[in-house]
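This short report describes one protein chain. Look at the sequence and the structure first, then read on.

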Amino acid sequence: MKRGGFEDFKINLVVEANYSNLKDNNDNGSSMDEFWIEMANSGNAWLKVLTENEPDTVI
């Protein structure tokens with residue numbers, strides 16, 4: 001089974017927010033950190049912290 005069994009999988013979606021204007025606040029060459037923070041703050045993502053003792057701890 002290629003890629004989970006879907007060779008030709010289509011999905012419709014609606015873009016609800018545009019985060020392309022986020023700035024790279026920690027100056028690491030990418031605004032991905034800021035993107036995920038904004039996604040979590042807006043309720044569009046639920047981030048997990050992976051640790052040795054608790055691999056599925058939700059923050």
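Helices (H or I, at least four residues) and strands (E, at least two) are DSSP runs, numbered from the N terminus. The model is predicted, and local features need pLDDT of at least 70, side-chain atom pairs count only at pLDDT 80 or more, and totals for chains, interfaces and linings use all residues. Residues are numbered from 1 along each chain as its sequence is written, and side-chain values use heavy atoms, with hydrogens and water left out.

The protein chain has one helix and two strands, in the order α-β-β along the sequence. Some values for the protein chain follow; buried means under 20% relative accessible area and exposed over 50%, with partly exposed in between (1.4 Å probe, protein chains only).

| Property of the protein chain | Value |
|---|---|
| Buried share of the 59 residues | 7% |

Glu-34 lies in helix H1. Glu-34 is buried but has no salt bridge, that is, a side-chain nitrogen of Lys or Arg within 4 Å of a carboxyl oxygen of Asp or Glu. Lys and Arg count as positive, Asp and Glu as negative, while His and the chain ends are not counted. The nearest side chain of opposite charge to Glu-34 is Lys-23, 11 Å away.

Ile-11 is in the segment before helix H1 (32-41). Ile-11 is exposed, with a relative accessible area of 62%.
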